[in-house]
Amino acid sequence: MPIETPLLSLEGISKDFYGNTVLSDVSFTVEKGQIVALVGENGAGKTTLMRILFGMPVIADTGGYGGLIKIDGETVKFDTPFDALDAGIGMVHQEFSLIPGFTTTENIALNREAMRSTLACEVFGERLSVLDRATMTARAESAINRLGVKLDPGMLVSEMPVGHKQFTEIAREINRENVRLLVLDEPTAVLTESEAEVLLKALRHLASQGISIIFISHRLHEVTAVADKIVVLRDGAAVKQTASEGVSVRDIAAWMVGRDVEAKRTDREGRDIGEEILKIEHLWVDMPGETVRDVSFSVRKGEIFGIGGLAGQGKLGIPNGIMGLHMAGGCVVLHGKNLQLNDPRAALEAGMAFVSEDRRGVGLLLDEPLDWNIGFTTMQVHGRYLKSYLAGLVKLRDEAGLRKLADEYIKLLSIKCTGPKQKAKELSGGNQQKICLAKAFALKPDMLFVSEPTRGIDVGAKELVLQSLRHYNRDFGTTIVMVSSELEELRSVCDRVAIVDEGSIAGILLPDADIAEFGLLMAGETRKEAVGA
Amino acid sequence: MRKFKDFVTDFGWPRVIIFFFLVGLFIAAPFVGVRIDTSFSDVFTRFGQNGILVLALVPMVQSGCGLNFGLPVGIIAGLLGGTIAMQLGFTGWLGFFGALVIAMPFAVLFGWLYGQLLNKVKGDEMTIAMYVGFAMVTFFSIMWLLLPFTSPAMVWGYAGQGLRTTITLDNFWGQVLNNFLAVRMGNNFFLPTGMILFVFLCAGLVYLFFRSKTGTAMTAVGSNPDFARAGGVSVDKMRTISVIISTMLGAVGILVYQQSYGFIQLYQGPLYMAFPAVAALLIGGASVNKATMVNVIVGTFLFQGILTMTPSVINSVLKTDMSEVIRIVLSNGMILYALTRKTKVSK
């Protein structure tokens with residue numbers, strides 16, 4: 001049997017954005033008619049890899065990539081997506097790129113419409129030819145049939161259910177005669193389970209006709225069900241390539257998240273974990289991109305409670321909703337008292353504080369000095385740092401007090417700055433984050449929400465920020481709820497970690513639980529309460 | 001040298017250039033027959049007249065509502081105060097302060113309504129404000145005819161009703177502030193001490209207000225509304241308060257202006273009053289989101305200085321009377337310049 005050249009082979013692909021490596025030496029092959037699943041956490045480099053393959057201009061703009069892409073054994077380099085299309089690669093994006101006011105047929109045939117000459121063409125040329133609707137419909141139908149699904153060619157996209165939109169996108173890609181490789185970026189993310197079933201069937205149907213497919217998904221059971229080969233990306237490297245036979249969902253989950261470090265169980269010495277302080281029942285939050293559907297959990301006094309999960313699943317919505325920054329509903333009980341939702345002031349007055357994930361947008365007054373940034377909220381909420389004049393008739397800002405407060409936190413958190421009067425925008429990301437923490441600490445809260453405390457700051461600063469959270473918890477017994485995308489961080493700091501999936505809690509685990517358990521929860525596989533938590 | 005450079009960067013090149021231009025005009029003035037002492041006297045008087053109108057822009061700038069092109073709303077409140085005080089026959093100090101007191105409730109009411117409107121059009125405040133001002137002036141052009149004023153000092157002589165376009169303050173409270181502690185030197189120099197002190201008093205009060213809890217919250221709202229909201233501050237409430245204060249200061253500003261000018265100007269008088277004030281504030285170095293008392297004082301002085309000196313000097317050079325044309329070209333040119341120069345805040 002002669003060795004067949006693979007349809008696509010990637011050899012040593014690497015890419016960095018301004019010195020920040022996102023892909024290093026990724027190699028794998030895709031055979032004709034094979035379904036390759038590409039899995040990995042957020043930020044593992046999947047999307048970047050597909051952008052390189054598809055010749056997106058953003059790659060060339062940021063300095064190109066390293067390594068070789070070969071199609072049928074020949075090296076290719078795509079400068080624009082059109083080159084990739086000509087080479088027979090089709091891409092179905094995460095967001096729908098369909099025209100809502102057009103029908104299925106029109107969307108499928110867009111820019112490749114069948115034309116019919118008219119009399120006017122004789123005089124004015126090709127540009128006056130008209131659409132050949134019959135041929136277009138026939139072609140659309142044949143593409144739909146190749147997919148093996150039912151779609152009405154005459155239906156408007158705006159009236160379709162989500163699943164049908166996804167099928168229309170795929171049908172558009174396979175409508176081209178030369179398409180040989182189809183890339184699907186999380187095609188099932190927006191689909192219901194039954195729709196996803198149909199889609200997977202359609203993919204197998206396509207593969208049996210000799211079209212190769214690269215399939216990106218977070219839903220691991222789909223991956224095991226449909227893929228012939230699984231490639232796991234982690235931190236920009238292809239850590240595992242294997243045939244899908246005999247691979248369990250649990251294995252993939254472990255490969256995905258598994259940095260082989262031991263989770264340090266936070267020592268409970270000198271810490272006093274008491275009664276339940278915060279109880280949340282059926283919370284929903286309407287935060288764009290981070291919708292929370294139905295979340296219930298409770299936190300004990302003095303505990304550090306972690307909330308993790310993939311991006312867009314709703315973990316960020318939880319603190320934002322409780323603190324009244326986004327429309328929320330449900331029941332939040334603090335100290336046995338019902339909290340008024342949708343009112344940031346009530347939340348602050350109840351003794352809660354929040355360090356927002358949106359540091360520059362919500363967390364800081366960039367144009368104001370540091371002492372304002374730190375003292376503002378406590379001044380507004382508790383009336384601190386105000387001095388009375390004329391027997392209490394006039395209250396003015398206590399500049400000296402504010403400066404002292406700022407100096408205190410600058411020293412405590414070792415913030416690098418020229419002094420309390422420096423503008424917040426002049427600080428580096430890590431120091432800005434410390435200012436945000438200082439602002440929350442200055443409120444002297446019973447309950448502190450910290451959202452993505454280490455996002456976008458360098459490694460050294462990360463450890464300092466986490467350390468200051470640990471110390472604050474230990475020294476003042478403050479209950480902390482920490483939301484983070486970085487599982488390792490949660491496991492190293494928290495007493496318990498909840499994983500959020502699709503807007504609700506998938507499960508709560510102890511930090512030293514098996515790494516695979518976390519991966520499974522993130523991928524929406526199992527839902528169970530950890531024992532003893 | 002380095003210190004000088006720092007100072008210039010801090011103060012801003014445009015201000016340094018305008019300052020030296022102004023100094024140049026003062027030096028040139030005697031050579032073309034313009035009296036220096038009269039010029040100084042004019043500059044100080046105009047500074048005092050316009051100072052509070054410029055100051056009136058500050059609260060809304062600080063709260064993020066932008067430049068208050070709707071200043072005529074406050075001016076109308078001031079005019080109501082002035083005309084009502086006149087109708088009641090108040091004169092002298094009682095007249096001036098009576099007018100102030102009467103104007104305040106109108107200013108608060110107008111400001112509150114105006115604030116509600118501006119809260120509904122976040123992001124487009126300046127355009128909307130300009131048309132609110134225009135609409136208000138036009139509406140009150142009708143009202144000045146219809147309101148039941150009867151004092152013979154104010155109404156049209158031939159009809160016995162409806163207010164005149166200009167009403168003299170000579171027998172009421174004209175110059176009361178100007179003459180307070182005034183300094184006269186020779187025939188041509190006059191320093192309106194009382195008025196300038198009053199401007200500084202108002203500026204001081206606004207300065208203190210911005211050091212209060214509410215003032216701090218207002219500044220934060222202007223700097224980053226999301227931060228303020230997360231800090232438990234009601235953004236809409238702060239914006240409304242800032243508009244009310246701005247409108248109140250507008251009312252005070254016009255009363256001070258008129259007592260010095262000597263006339264109440266009604267009808268189309270207030271229509272374009274916002275523009276010179278805006279230009280002065282921007283030339284003083286304020287941005288659309290940040291303004292300080294220094295910006296107000298430096299800006300008013302430079303803008304009014306240029307506006308006083310340029311026409312008289314150029315007029316004397318050209319030996320024709322085109323001062324009004326030059327004044328219009330200059331003041332609009334300054335606004336244009338200032339608006340293109342506005343500094344952005346970081347987001």
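Colleague: Which residue in S16(A) is the bridge partner of Lys279(A)?
Modeller: The partner of Lys279(A) in S16(A) is Val333(A). Keep in mind that this is a predicted model.

Colleague: And what stands opposite Ile280(A) in S16(A)?
Modeller: Val332(A) stands there, opposite Ile280(A).

Colleague: How many bridges join S13 to S16 in chain A?
Modeller: There are 6 bridges between strand S13, residues 276-285, and strand S16, residues 328-334, of chain A. The two strands run antiparallel.

Colleague: Where do the side chains go along a strand?
Modeller: In a regular strand they alternate between the two faces of the sheet.

Colleague: What about S13(A) and S14(A), how many bridges do they pair over?
Modeller: S13(A) pairs with S14(A) over 6 bridges, in the antiparallel sense. Within S14(A), Val295(A) is the residue opposite Leu283(A). The two strands form a hairpin, with 6 residues between them. In the turn, Gly289(A) has a positive phi of about 80 degrees.

Colleague: In what order do the strands of that sheet come?
Modeller: The order is S14-S13-S16-S17 in chain A, which makes an open sheet of 4 strands with antiparallel pairing. Strand S14 (292-300) and strand S17 (337-338) of chain A stand at the edges, and each has a single partner strand, so one side of each has no neighbour in the sheet.

Colleague: Changing topic. How many cavities of 30 Å³ or more are there?
Modeller: The count is 3 cavities of 30 Å³ or more. The largest cavity has a volume of about 130 Å³. It is lined by 14 residues, and those closest to its centre are Leu348(A), Phe354(A), Lys439(A), Ala230(B) and Gly231(B).

Colleague: Which elements give two or more residues to the lining of the largest cavity?
Modeller: Strand S18 (352-355), helix H13 (359-363) and helix H16 (429-442), which belong to chain A. By class, the lining of the largest cavity has 9 nonpolar, 4 polar and 1 charged residues.

Colleague: How many residues does each chain bring to the contact between A and B?
Modeller: Chain A brings 28 residues and chain B brings 23 residues. Between them the chains bury about 2200 Å², with 58% of it on carbon and sulfur atoms. Arg211(B), Lys213(B) and Phe227(B) supply 31% of the area that chain B buries against chain A, more than any other three residues.

Colleague: And how many salt bridges are there between the two chains?
Modeller: There are 2 salt bridges between chain B and chain A. In one salt bridge, the side chains of Arg211(B) and Glu399(A) meet at 3.8 Å, N to O.

Colleague: How many salt bridges does the structure hold over all chains?
Modeller: The total over all chains is 21. Among them is Asp367(A) with Lys425(A), at 2.9 Å, N to O. Asp367(A) lies in the loop between H13 and helix H14 (370-382) of chain A, and Lys425(A) lies in the loop between helix H15 (399-412) and H16 of chain A, so the pair ties together parts that are 58 residues apart in sequence.

Definitions and conventions:
Residues are numbered from 1 along each chain as its sequence is written. Chains are lettered from A and ligands numbered from 1 in the order in which they are written. This is a predicted model: local features need pLDDT of at least 70, side-chain atom pairs count only at pLDDT 80 or more; totals for chains, interfaces and linings use all residues. Side-chain values use heavy atoms; hydrogens and water are left out. Two strands pair if DSSP finds at least two bridges between them. On a 1 Å grid over the protein atoms alone, a cavity is a set of points where a 1.4 Å probe fits but cannot get out, and a pocket is an open set with protein on both sides within 12 Å along at least five of seven lines; lining residues have an atom within 4 Å of a point. Grid points are joined across faces, edges and corners, and a volume is the space filled by probe spheres set on the points. Ala, Val, Leu, Ile, Met, Phe, Trp, Tyr, Cys and Pro count as nonpolar, Asp, Glu, Lys and Arg as charged, and the others, Gly among them, as polar. Contact means heavy atoms within 4.5 Å. Buried area is the accessible area (1.4 Å probe) that two parts lose on being put together, summed over both. A salt bridge is a side-chain nitrogen of Lys or Arg within 4 Å of a carboxyl oxygen of Asp or Glu.
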